[in-house]
Amino acid sequence: MEIRAKFACLYRGAACFGRARLGCARVCEQGEVMSVTSDDTEEKQGKDMAMLKKTFEEDLAQAVAYHGHLCVGQILGTRIARLGLAYFAIEEPENYRDLIAFVEADRCVADAVCSVAKCQIGRRRLKWYDYGKMAASFYDLPTKRAVRIVTMSDKKAGPDDDPIAFFGAIPDSDLFRVQEVAIDLDEYDIPGKPQRHVVCERCGEHVMDNRDVLVEGKTLCQACAGQPVYYRVIKTLSWQ
């Protein structure tokens, strides 16, 4: 099914953030996207898309509570997460444990995706890549299919604008690029208990999930193997 057909008529609450006064979109039989009124959206919603249990307003409130304040990243991140859930017809993300999210920035969008899609880093269902993009991909474990959603618009709300209303008037098709993507995950990347656990033969630190490196027959952690790591040891402190 075409991406635009999947996202044309969105779950409870239009994709444009409001049931009242805002329009949505629907796809005609020929596949052309047509503009419709909010009344028509109410009638059509859920027929072409999975009906998410929560409204956009509920998801946004939850994201803001988790993040700490309302910002554009929360608005767009909530919207990205809802598109990802809708793509895989996940009505209740809190009850679905087979979705993995990949975020491409360590900024506001990551908190929104985590909160709305219920993908937590500690459960190995949130992966972070530092690409500096307001984007996220969603990978479904049973089907091994993935969709990537990235913000493309450069529109910005003015200082006197209500950001929710401002972005609510912009349809998804003008904000986001949606791509079906391939994501390669091996057995050591998926959720669940660690399937491999070793001890670095040089520093003695424990290494999980096949992140060790074999160098000249010795099992080493990445730091001891000379690979780039985020820290530089100055000295080891004593407990004495």
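1. Some ground rules. Residues are numbered from 1 along each chain as its sequence is written, and side-chain values use heavy atoms, with hydrogens and water left out. Since this is a predicted model, local features need pLDDT of at least 70 and side-chain atom pairs count only at pLDDT 80 or more, while totals for chains, interfaces and linings use all residues.

2. Rings of Phe, Tyr and Trp (its six-membered ring) pair if their centres lie within 6.5 Å; planes under 30 degrees apart are stacked, over 60 edge-to-face, and the rest tilted. That rule gives five aromatic pairs. One of them is Phe102 with Tyr129: the centres are 6.3 Å apart and the planes sit at 25°, so this pair is stacked. Helices (H or I, at least four residues) and strands (E, at least two) are DSSP runs, numbered from the N terminus.

3. Is Phe102 buried or exposed? Buried, at 8% relative accessibility, whereas Tyr129 is partly exposed at 39%.

4. Now helix 5 (residues 108-117). Eight of its ten residues are buried, so the rest of the structure largely encloses this helix. Among the buried ones are Val109, Cys114 and Ala117. Just after helix 5, Lys118 has a positive phi of about 60°.

Note on methods:
Buried means under 20% relative accessible area, exposed over 50%, partly exposed in between (1.4 Å probe, protein chains only).
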